[in-house]
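Let's take a walk through this one together. Have the sequence and the 3D view open side by side as you read.

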Amino acid sequence: MSNIGNETLVAPIQPWVKPRAKTLKNLFGPALVALVSFVIVLLTGFAGPDGWALLFFVGLLGLAIARTRNQDRVKRNNSLISIVIAGGATLAFAPWLSIFYSLVIKGFHGIYLGYFFRDMRITTPDDELNMGGVGHAIIGSAIMVLIATAITLPLGILSGVYLTEVRGRLTRMIRFVIQSMSGVPSIVAGLFIFTTFVDVTKQFSGLAGSLALSILMLPTVARTAEEVLKLVPEDLRAASYALGARQWRSSLMVVLPTVRSGLTTAAILGVARVIGETAPLILTAQSISSFKFNPFSGQIASIPMYIFALFQIGTEYSMARAWSGALVLMVIVFLLFVVARRLGNRVKR
Amino acid sequence: MPQKREMHVVYSLGDRIFRRIVTAGALTSLIVLALIGLFLFARGAEIFRDMGFKFITGVKWTAGSEDGTAAAEFSIGPMLVGTIIVSFIALIVALPLSIAGALFIEFYSSQRLKRLLISLLDLAAAIPSIFFGLWGIQVFSSMAERWSYLLNSYMGWFPLFSNEMQVFGRSPFVAGLVLAAMIAPIITSISREVYSRTPRELVDSCYALGGTRWGAIRAVVLPFGRSGVLGGAMLGLGRALGETVAVYLILNLVFAYNFNILEAQGGNIASLIATRFGEATAYELKGLLAAGFVLFLLTLTVNMIATSVVQRTSKDRS
């Protein structure tokens, strides 16, 4: 309507938008509280960031009480509880941020170009950080995860198709089982593969590791596959049936191709779920310190086991290596997530 | 009066084959789950028979001596108690924080912050558990030790918090707090999803009646989400019960009953398996498999209850 006539438009009043001056004024109090708490931390026995956070929190509560002194109880409760909720949320998020931060701070020392291409065969964990690397572990993890994906993806897709297309009598039960299966402890998956596979073949192997990872990966892949298949519009199926297609043709040639990128997302999320698993690999793949490409016989390296082994040695340099390995692993997980998110967005559009 | 006609579907041969194959594929998860239980039980059966009920209630885990003078004795009692203690500490700490986090994301943050926090939450749920072990020992433990010390000096008269050795690291308390950080993303994201399904018009009518934001949350959102949050909490509990490496790295593993959560000793079933696995004799290995079976049953039960709770809520309301 704005182009009717030439009248200049009056900026609409937006009472819900706070003017900047007021926002600044509102920030002044908390800033003062933060400063006062900082001084108290410096001068008294309240030590560390946790002491400061506690003081700051109590100070904010005090400030809120002072500000709402003229208001009724309901409003005062409301503003106090806002602070409590924000505080709780901060406390919930703090450890994760702290983990990301420590990964970068403690991990980046050990990273140099060769870190990605070398193994630990001739390097002892105590050597300077410009020797040795995580290359063998990256290769080992990649091999195991690829095999696990090759096993899980078809099964996951079949489960998804069963839950959304076939919809047989067992639909509810299978959905229930898949969800419950996602709670199987990783060490139990490792134990299971140990007694059924490692014990029978009489050796640790990358394949055993992949099988254990598959157990943990299947629920994630199946659930994500179900979610993306649910997004397929019913019209597509109806149109395909109307053209005379049988169920198998419409599932295989209409529905599944539509969600191809969604199924890739399912695989990626599954990989992100298991690539950091340590416990099952202790029982199945173990670890070695050199490159190895054969998953069918003998122990094989992996990033989580690399971290685990170095961390247990516990010397300064081995710790630094463990943190670097952890940083590499986190970056991989992060990249997987970014790719999954990109693909996921494409599905929705 | 038109009657509803009976639908009768006849699948072609191709369709029947297709449906068979898909069903078989979908049944693998069920089969795998059954096989896990079956094999662990079968391989551990000898221990169950030899130890009887003492497998749960006893106090010792010893492989015995080589010459057979000391009998092997396996009991997961202390570890079972340790598992439950550590997991419940984690749950008690994580649940309120996760609810606060979920409410904050859903009702207190701007659109942009909300998107950012949800991405962060997804990523946090994918942090490998070994990182929590690393972080717990190297970054968090100094802070947690100070808290333990304060807790002990002011609440030490209470048996739960007493600590005669006055060593505060590597205790069930620290491990529980780290596990709390580990399961908080799961509980937060499930709670957030449940809260986000609260009918918009109910919240809006609260505001229309002059209610405050907290008023709306307390009157509508929290009751609406209660069972979903409960399910999320149980899923988190299930994960804490089965956690291996984080507990293994943080706790000082001692095979004895320990109810003083601040003392530097404890353990859980999963870390028992990881610790003893490397040097176990064939007989002890059976003990570990039996322990794994108990852990499997425990987590499966918790997870099944959690799943049925979560699935019921999501079906009722969506």
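In chain A, the UniProt annotation "transmembrane region", from an unreviewed entry, covers residues 27-46, 52-68, 80-104, 137-164, 176-198, 296-314 and 320-340. UniProt positions are given in the numbering used here, feature names are shortened, and annotations may be inferred rather than shown by experiment. This is a predicted model, where local features need pLDDT of at least 70 and side-chain atom pairs count only at pLDDT 80 or more, while totals for chains, interfaces and linings use all residues. Residues are numbered from 1 along each chain as its sequence is written, and chains are lettered from A and ligands numbered from 1 in the order in which they are written.

Residues 52-68 of chain A are 94% helix and 0% strand, with the end C-alpha atoms 24 Å apart. For residues 176-198 of chain A, the figures are 83% helix and 0% strand, with 30 Å between the end C-alpha atoms. Helices here are DSSP runs of H or I with at least four residues, strands are runs of E with at least two, and both are numbered from the N terminus.

Staying in chain A, look at helix α8 (residues 234-242) and helix α9 (residues 247-258). They pack at an angle of about 150°, with their axes 10 Å apart; axes are lines fitted to C-alpha atoms over the stretch in contact, and angles run from 0 to 180 degrees between N-to-C directions. That angle is why α8(A) is roughly antiparallel to α9(A) (over 145 degrees counts as roughly antiparallel). Where do the two meet? A:Leu236, A:Arg237, A:Ser240 and A:Tyr241 in α8(A) face A:Ser250, A:Val254, A:Val255 and A:Thr258 in α9(A), a contact being C-beta atoms, placed from the backbone, within 7 Å.

Now over to chain B, which has eleven helices and two strands. From the N terminus on, its elements run α-α-β-β-α-α-α-α-α-α-α-α-α. The C-alpha trace of chain B spans about 85 × 65 × 30 Å along its principal axes. An unreviewed UniProt entry places "domain: ABC transmembrane type-1" on residues 80-306 of chain B, a span that is 77% helix and 0% strand, with its end C-alpha atoms 20 Å apart.

Finally, bring the chains together: the contact takes 67 residues from chain B and 70 residues from chain A. On the chain B side, the largest share, 17 residues, comes from helix α1 (residues 13-51) of chain B.

Methods:
Angles under 35 degrees count as roughly parallel, over 145 as roughly antiparallel, 65 to 115 as roughly perpendicular and the rest as oblique.
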